[in-house]
Amino acid sequence: MPRFRLSLGPLRASLAAGREGAEFRFGVGGPRWQRWYQSMAARRRAVREQATKAPEPAAFEGANAALRRRIATVPWYHAIDLGDGVVTPGIFDHRPLIDRYGLPESLSGLRVLDIGTFDGYWAFEFERRGAAEVIAMDIATFGDADFPPPARARMDPAALAEDTGRGFTIAHDALASRVTRRTGSVYALDPAEWGQFDLVHLGNVLVHLRDPALALQRILPLVRGRLMVSEAIDPDLEDLEGMGPLLRYIGAEQDCNWWRFNTAAIEKMLRDAGFATATTTARFRLPVKGGARDLTQAVFIATP
């Protein structure tokens with residue numbers, strides 16, 4: 001398909017024409033745009049951090065004061081309802097959109113693995129739906145994440161050594177949960193050590209992995225039922241119909257984000273990992289608390 005491009009300062013325009021029709025795209029780019037975008041990204045992070053910051057622990061009195069003081073000691077990724085009107089101040093609140101993920105109302109009798117559990121929202125939701133056993137897996141410390149060497153060298157050693165499970169522990173205690181938390185690397189998953197699961201959940205993890213294709217290969221032997229992947233999708237890549245699987249390289253300099261995908265890329269990676277089926281079951285907007293724009297979230301179901 002012939003494609004014509006025009007640039008004028010930060011403005012970008014392109015026209016693609018073929019037998020099926022023509023497509024015109026307009027946007028902005030270039031060094032000035034990149035500097036502006038990075039500045040806006042820094043502002044969004046500052047706003048997000050402020051929005052998710054709980055009041056000082058000493059400010060709480062009355063009912064649930066002790067729990068609220070514990071919640072205020074850690075940053076939160078997930079909004080989790082702990083009962084009695086107490087909800088953690090997470091960046092992501094999946095509760096209003098839970099029906100979009102297509103989970104069965106009952107997981108009775110199932111063994112479930114939640115990979116990249118962090119604060120544990122999904123693990124506790126699987127338990128609430130009656131799963132017989134839920135294993136919540138994550139790396140042990142933030143230093144175990146896939147940071148590129150230059151970014152790692154700039155980070156505070158104390159931050160790298162910080163435990164990833166502080167929020168999980170608070171929520172686990174408040175909910176009197178039976179979920180078991182285990183630490184490890186997705187690259188080292190072995191069914192001899194972990195067993196097999198009726199449902200494996202991988203929630204917004206692939207973007208943080210240097211090698212997402214290898215991770216899916218390691219997950220496959222643990223799945224005896226199905227794998228559910230929920231992940232951020234790049235709408236610009238998604239709009240390039242007919243271009244096939246596409247990934248955008250980010251480089252993990254910010255928040256350990258390596259990639260953005262289109263749905264075709266994740267489906268192809270799942271099939272290349274050895275899954276017999278891989279289907280996109282939903283696509284929707286996922287709000288980011290304090291963020292300038294929502295994420296485009298997609299859900300995939302794969303079976304071995």
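**Salt bridges, cores and a buried glutamate**

Let's start with a pair of charges: Arg95 and Asp93 form a salt bridge, their closest N and O atoms lying 2.8 Å apart. A salt bridge here is a side-chain nitrogen of Lys or Arg within 4 Å of a carboxyl oxygen of Asp or Glu. Arg95 is partly exposed, with a relative accessible area of 32%, and Asp93 is partly exposed at 25%. For these labels, buried means under 20% relative accessible area, exposed means over 50%, and partly exposed is in between (1.4 Å probe, protein chains only).

Before going on, a word about the model: it is predicted, so local features need pLDDT of at least 70 and side-chain atom pairs count only at pLDDT 80 or more, while totals for chains, interfaces and linings use all residues. Residues are numbered from 1 along each chain as its sequence is written, and side-chain values use heavy atoms, with hydrogens and water left out.

Back to the charges. The count of salt bridges comes to 13. In one of them, Arg166 pairs with Glu162, with 2.7 Å between the closest N and O atoms. Arg166 is partly exposed at 33% relative accessibility, and Glu162 is partly exposed at 27%. Another joins the side chains of Arg224 and Asp198 (3.1 Å, N to O). This pair links distant parts of the chain, as Arg224 sits in strand β10 and Asp198 in strand β9, 26 residues apart. Arg224 is partly exposed at 47% relative accessibility, and Asp198 is partly exposed at 21%. Salt bridges that share partners also tie Glu105, Glu125, Arg128 and Arg129 into one network.

Now for the chain as a whole. Its secondary structure comes to 10 helices and 14 strands; helices (H or I, at least four residues) and strands (E, at least two) are DSSP runs, numbered from the N terminus. Of its 304 residues, 43% are buried. The accessible surface is about 15600 Å², and 53% of that belongs to carbon and sulfur atoms; these areas come from the Shrake-Rupley method with a 1.4 Å probe, and for residues only the protein chains shown count as cover. Among contacts between residues at least 6 apart in sequence, 59% join residues at least 24 apart, where contact means heavy atoms within 4.5 Å.

What lies inside? In soluble globular proteins, nonpolar side chains tend to be buried together. A nonpolar core is a set of buried Ala, Val, Leu, Ile, Met, Phe, Trp, Tyr and Cys residues joined through side-chain atoms within 4.5 Å. The largest one has 42 residues, and Leu113, Ile115, Leu202, Leu216, Ile219, Leu227 and Leu270 touch the most other members. Elements that each supply at least two residues of this core include β6 (111–115), β9 (197–203), α8 (212–219) and β10 (223–233). Its largest share, 5 residues, comes from α10. Leaving aside neighbours within four places in sequence, Leu270 is in contact with Leu216, Leu227, Val229, Phe275, Ala278, Phe300 and Ala302. Apart from this core lies another, of 37 residues, with Phe126, Ala136, Ala282 and Val288 among them.

Finally, look at Glu238, found in helix α9 (residues 235–238). Is Glu238 buried or exposed? Glu238 counts as buried because its relative accessibility is 16%. Its side chain makes a polar contact with the side chain of Thr263 (2.7 Å). A polar contact is a pair of N or O atoms within 3.5 Å; within protein, one must be able to donate a hydrogen and the other to accept it, and residues adjacent in sequence count only if both atoms are side-chain atoms. Not counting residues up to four places away in sequence, Glu238 touches Ile233, Asn262, Thr263 and Arg283.
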